[in-house]
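Open the model in your viewer and keep the sequence panel beside it. The stops below say what to select and what is there.

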Amino acid sequence: MTPRKTCPACGGSDLRALYHLPAIPSQSVVLLDTREEAVAYPKGELTLTLCQGCGFMFNATFDAGLVDYSSTTEESQHFSGTFNRFAKDLAAEIAGRQDLDGRLILEIGCGKGDFLEELVDITGAQALGVDPGFIPERLPGAAGRRIRFLREYFDPDRIKETPDLIVCRHTLEHIPEVGRFMEDVMAVTHGRDDVQVMFETPDAARVLAEGAFWDIYHEHCSYFTLGCHARLFRAAGLNVTKSYLAYGDQYIIQYAEPGQGEPHAEERDLETTLALAEAFPARIAETRAFWLDKVQAAHSAGRATAIWGGGSKAVAFLTTNGLGAEIGHVIDINLHKQGKYLPGTGHVVSAPAALAADPPDTVIVMNPVYVEEIRTALADMELRPEIVAL
Ligand SMILES: [Zn+2]
């Protein structure tokens with residue numbers, strides 16, 4: 001595929017390719033019913049590219065035709081106590097910033113609706129959720145409880161009422177045309193300047209600094225630092241009112257409201273981003289080699305390695321390094337994932353109990369924020385393997 005030649009965030013053309021993977025699963029949160037389907041899952045090309053003008057990074061060979069969010073995807077993390085506490089705290093923070101009682105919240109990319117339900121419970125607001133992957137049966141209490149859903153892609157022409165709060169979590173990284181998307185977001189404010197906006201998006205500065213190859217996948221076509229997130233907001237006519245990193249510094253949280261203000265302090269990170277990008281090709285080669293060596297050495301020595309976390313990080317971890325039999329089990333506590341197969345390598349996702357029957361020597365935790373939760377779950381099964389986190 002011919003790489004894109006202009007930046008989707010600022011339109012600039014001073015681009016630099018940082019990392020290339022010729023063929024990786026086109027979507028990594030899909031669930032497949034058989035190993036054959038999983039191994040044969042369509043592949044896409046990844047060319048992580050930096051715009052040296054604005055610090056935005058994107059997959060210049062992203063193929064939107066390979067991605068369908070109305071298919072069977074499973075992105076919900078609400079089976080984890082750690083994640084639920086984070087979501088509850090975030091909902092409380094939002095409720096503390098704005099009186100939403102009787103007001104309207106719009107969530108773009110609401111997934112299965114868990115967070116919107118939390119927000120409605122805590123604020124007394126009405127809500128509208130938009131997501132092509134919404135599954136009505138998964139939120140049985142929602143109907144009649146002041147939440148409505150549009151099971152479709154976000155289209156501003158479909159939103160007739162002006163929301164008082166627009167929430168958009170873990171969605172922007174899936175949008176190729178981020179500049180145009182922000183215009184669509186602004187369109188639903190219908191010119192009102194008191195609409196509040198809250199976005200949560202993975203932080204790519206950490207991905208660059210850590211050489212976190214497990215966080216780079218085909219359908220994540222857009223990558224932000226705090227600064228370029230703020231720049232994108234300002235270009236769209238939004239002033240950033242609060243900005244920080246959350247969830248073990250993995251997620252950017254940015255609040256904004258319509259306005260034409262001065263550049264936010266966060267926007268001064270361009271030089272840092274360029275320096276991180278400069279070091280990134282060597283850094284990612286190093287992390288890939290480290291994990292490949294560790295897993296292969298264990299396998300050669302007859303020691304069993306399991307992965308805990310059957311989401312997109314696991315898919316990227318396995319497929320980027322071409323791991324197969326070296327990983328005995330992939331564990332996930334999400335009941336909807338268990339018994340399903342991961343695209344690419346075709347590993348089956350099992351419940352934690354699979355480890356009781358076949359104890360591992362090492363468990364690689366796909367997200368460090370879950371280490372204590374997982375250590376407890378393993379101890380409850382009287383298992384004490386080495387636990388290492390990405
Ligand atoms: Zn740019």
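How are the donor residues of the zinc ion spaced in sequence? The spacing is C-x2-C-x40-C-x2-C.

This is a predicted model, in which local features need pLDDT of at least 70 and side-chain atom pairs count only at pLDDT 80 or more, while totals for chains, interfaces and linings use all residues. Residues are numbered from 1 along each chain as its sequence is written, and side-chain values use heavy atoms, with hydrogens and water left out.

**Stop 1: the zinc ion**

Select the zinc ion with Cys 7, Cys 10, Cys 51 and Cys 54. The SG atoms of these four residues are its protein donors, at 2.3 to 2.4 Å. Donors here are N, O and S atoms within 2.8 Å of the metal (3.2 Å for Na, K and Ca); water is not among the atoms, so sites may look incomplete. The angles among the four donor atoms are 103 to 114 degrees, and the site is tetrahedral (four donors with all angles between 85 and 135 degrees).

Now keep Cys 10 and Cys 51. They link distant parts of the chain, 41 residues apart: Cys 10 is in the segment before strand 1 (15-25), and Cys 51 is in strand 2 (residues 43-51). Strands (E, at least two residues) and helices (H or I, at least four) are DSSP runs, numbered from the N terminus. Cys 10 is partly exposed, at 45% relative accessible area, whereas Cys 51 is buried, at 1%. Buried means under 20% relative accessible area, exposed over 50%, and partly exposed in between (1.4 Å probe, protein chains only).

**Stop 2**

Two strands pair if DSSP finds at least two bridges between them.

Leu 106 is opposite Ile 166 of strand 7.

**Stop 2: the core**

Select Phe 181 and Phe 199. These have the most contacts inside the largest nonpolar core, which has 36 residues. Such a core is a set of buried Ala, Val, Leu, Ile, Met, Phe, Trp, Tyr and Cys residues joined through side-chain atoms within 4.5 Å. Elements giving two or more residues to this core include helix 4 (178-187), strand 8 (196-202) and helix 6 (226-236). Beyond its neighbours within four places in sequence, Phe 181 is in contact (heavy atoms within 4.5 Å) with residues including Ile 108, Phe 154 and Phe 199.

**Stop 3: helix 3**

Select residues 114-123. Seven of the 10 residues of helix 3 are buried, so the helix is largely enclosed by the rest of the structure. Among them are Glu 117 and Glu 118. The buried residues pack against helix 2 (81-97) and strands 4, 5, 6 and 7. Gly 124 follows helix 3 and has a positive phi, near 75 degrees.

How values were computed
Tetrahedral: all angles 85-135°; square planar, octahedral: opposite > 155°, others 65-115°.
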